[in-house]
Amino acid sequence: MEMLKRLAQIGVPAALALSLGLVRPAGAAEEATVEAFSAWQGQGHLFETGPAELTFVGAFTGTMYVDTEKGPLASGAMVCPAVVTINSDDGSQEGKGRCVITAKDGARVYAEISCAGFHLIGCDGDFKLTGGTGRFEGISGGGHVTIRSEFGEIAPLSKAAAQETATGILYLRELSYKIP
């Protein structure tokens, strides 16, 4: 009975938001580790930049999901411009990128990615949270990232350039974060 009175006082939408952890009291710090992933689509260009070197310049986009007790929950739209250097002899690659994840309310999280692996297979590395806006202002943290490519297509544009499209998954098994 007391719970029903409390719900009536604050309203059902506010009570639901509080129960999901979407609203924090002013001045309350938040610290957690979550499992997150994004199924992404990527597009960009490959350029010959050395005798056995290709450079990909492009971006990948997708929805970022956070795993909860009730299953994955969409948490924002992700955009990551990236540059990847590829050894054309053995397919090894190293990449760096920056990401922005925008929540439905417009709050943003910024991150940096660096990884190493093999072209059209994927890479492993670091995902570092570098800041945010709105309710994510001052966010910090990070974790190990695994990026896998599931499908890729390369269309030649000239002798030294091609357009590349691909799909895949970005996986963060343990993304730790702190919001002051």
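Mentor: Val57 has a relative accessible area of 40% and therefore counts as partly exposed, a class lying between buried (under 20%) and exposed (over 50%), with a 1.4 Å probe and protein chains only as cover. The model is a predicted one, in which local features need pLDDT of at least 70 and side-chain atom pairs pLDDT 80 or more, whereas totals for chains, interfaces and linings use all residues. Residues are numbered from 1 along each chain as its sequence is written, and side-chain values use heavy atoms, with hydrogens and water left out.

Val57 belongs to strand S2, residues 53-68; strands (E, at least two residues) and helices (H or I, at least four) are DSSP runs numbered from the N terminus. Together with Phe47 and Val83, Val57 forms a nonpolar surface patch of about 220 Å² accessible area. Patch members have over 30% relative accessible area and no salt bridge; nonpolar side chains (Val, Leu, Ile, Met, Phe, Trp, Tyr) are joined within 5 Å and like charges within 9 Å. A salt bridge places a Lys or Arg side-chain nitrogen within 4 Å of an Asp or Glu carboxyl oxygen. Areas follow the Shrake-Rupley method with a 1.4 Å probe; for residues, only the protein chains shown count as cover.

Phe37 and Tyr65 are stacked, because their ring centres are 5.2 Å apart and their planes stand at 20 degrees. Since Phe37 lies in strand S1 (residues 30-50) and Tyr65 in strand S2, this pair ties together parts 28 residues apart in sequence. Phe37 is partly exposed at a relative accessible area of 23%, and Tyr65 likewise counts as partly exposed, at 27%. Trp40 and Phe60 have ring centres 5.4 Å apart and planes at 50 degrees, so their pair is tilted. Here too strands S1 and S2 are tied together, because Trp40 lies in S1 and Phe60 in S2, 20 residues apart in sequence. Both Trp40 and Phe60 are buried.

The wider setting is as follows. The protein has two helices and eight strands, in the order α-α-β-β-β-β-β-β-β-β from the N terminus. Of its 180 residues, 33% count as buried. The accessible surface comes to about 10800 Å², of which 58% belongs to carbon and sulfur atoms.

Strand S3 (residues 71-87) runs antiparallel to S4 and is joined to S4 by eight bridges; strands pair if DSSP finds at least two bridges between them. Val84 stands opposite Gly95 in S4. S3 and S4 make a hairpin with four residues between them, and Gly91 in the turn has a positive phi of about 80 degrees. S4 is also joined by 11 bridges to strand S5 (residues 108-118), again antiparallel, with Ile113 in S5 as the bridge partner of Gly97. The hairpin of S4 and S5 has five residues between the strands, and Gly106 in the turn has a positive phi of about 90 degrees.

Notes: Rings of Phe, Tyr and Trp (its six-membered ring) pair if their centres lie within 6.5 Å; planes under 30 degrees apart count as stacked, over 60 as edge-to-face and the rest as tilted.
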